[in-house]
Amino acid sequence: MKTRITELFGIEHPVIQGGMHHVGFAEMAAAVSNAGGLGIITGLTQKSPEDLANEIAKCNDMTDKPFGVNLTFLPGFANPDYPGYIEAIIAGGVRIVETAGRSPEQYMPSMKEAGIKVIHKCTSVRHSVKAQNIGCDAVSVDGFECGGHPGEDDIPNMILLPRAAEELDIPFVASGGIGNAQQLVAALALGADGVNMGTRFIATKEAPVHQNVKDALVAASELDTTLIMRPLRNTERVLKNEAVERIQAKEKELGDDIKINDIMDEVAGVYPKIMSEGDMDSGAWSCGMVAGLIHDIPSCNDLVGGMVKEAESIIAKRLAAFAA
Ligand SMILES: Cc1cc2nc3c(=O)[nH]c(=O)nc-3n(C[C@H](O)[C@H](O)[C@H](O)COP(=O)(O)O)c2cc1C
């Protein structure tokens, strides 16, 4: 399947694996890229630019296909060495960066000078337009359904994607809530040139996470995610668990007076325990509503290749029949 996104990134299928903290290691990115999609290493999961350089080198050993690195610009309390991470990306020969969190404007000149294609992930039409205006090559439009941070506007993809199509000239992918062929076709119909998936890729054979995480996704329904940190304007969609219950009890008790420190134990530094050790109640972890559509744990090759093949068949048969 050829789209503006496959052309832009030199990939076979218009399917991207979004950056995921403590999931987006070299194994994950290489598996998706080898499957013909675009795998992405999560930059900040690597504690330093040197660690990121090693992870990029490892991924280069595992695939000769294009892959990218995610750079998440965090709100407030942390200040990573972003110029150092960008240097590691450039030196490692990576030419695709997924930015997220805040506008990448400050870092655009250095990335553009190095010939890097930038896809900015954002949750609103206004931020998508801003990304286009500052020279991003593509946008990942992340709807309210998404795992992780959906922003504060609460606009689902059925509205957000066609609105993005009205305003954007650069290509965009649909992100949030996507996990199967029907949704890929719907995304294309709504104006996107491909899809970005997070949660769905965690439940794959190659995802370098504990089996408990994959099993939790297969067991979960579309009713099993919830939102936390709204009073902090840092809303996150997570899988319901005991830690999330504690967070929500505190949010109820403290209301608008809540501070990040009140819930720090449940939201900061918890990913290794969950993703590596499989301690599923030890903290809040990002998870999308698409969990309700996850019923198996395929290889990335079967997932990506199968989605595209089925999507082509839906277009050629089911949809073509309506136009006849
Ligand atoms: C466990 C997990 C961790 C994530 N970590 C990040 C991250 O560090 N940076 C980022 O930009 N997006 C992160 N995301 C968001 C994904 O890249 C993607 O935008 C999102 O998962 C899309 O929604 P979906 O899960 O419904 O497919 C994360 C998502 C999940 C599920």
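Me: Which residues does Val 32 touch, not counting residues up to four places away in sequence?

Reply: This is a predicted model, in which local features need pLDDT of at least 70, side-chain atom pairs count only at pLDDT 80 or more, and totals for chains, interfaces and linings use all residues. Residues are numbered from 1 along each chain as its sequence is written.

Beyond four places in sequence, Val 32 touches Gln 17, Gly 37, Leu 38, Gly 39, Phe 201, Cys 300 and Val 304; contact requires C-beta atoms, placed from the backbone, within 7 Å. Val 32 also belongs to the largest nonpolar core, of 87 residues, where Val 32, Ala 29, Ile 41 and Val 195 touch the most other members. Such a core is a set of buried Ala, Val, Leu, Ile, Met, Phe, Trp, Tyr and Cys residues joined through C-beta atoms within 7 Å, buried meaning that 20 or more other C-beta atoms lie within 10 Å of a residue's own. Because domain 1 (4-208) and domain 2 (211-289) both give residues to this core, it lies between them; the bounds come from an automatic or database domain assignment.

The centres of the two domains, taken over C-alpha atoms, are 23 Å apart. Their contact takes 20 residues from domain 1 and 17 residues from domain 2.

The ligand likewise lies between domain 1 and domain 2, since both give residues to the shell around it. Surrounding the ligand are 29 residues, each with its C-beta atom, placed from the backbone, within 6 Å. The closest are Gly 18, Ala 100, Gly 147, Gly 198 and Gly 288.

Conventions
Buried ≥ 20, exposed ≤ 12 C-beta atoms within 10 Å, placed from the backbone. Contact = placed C-beta atoms within 7 Å.
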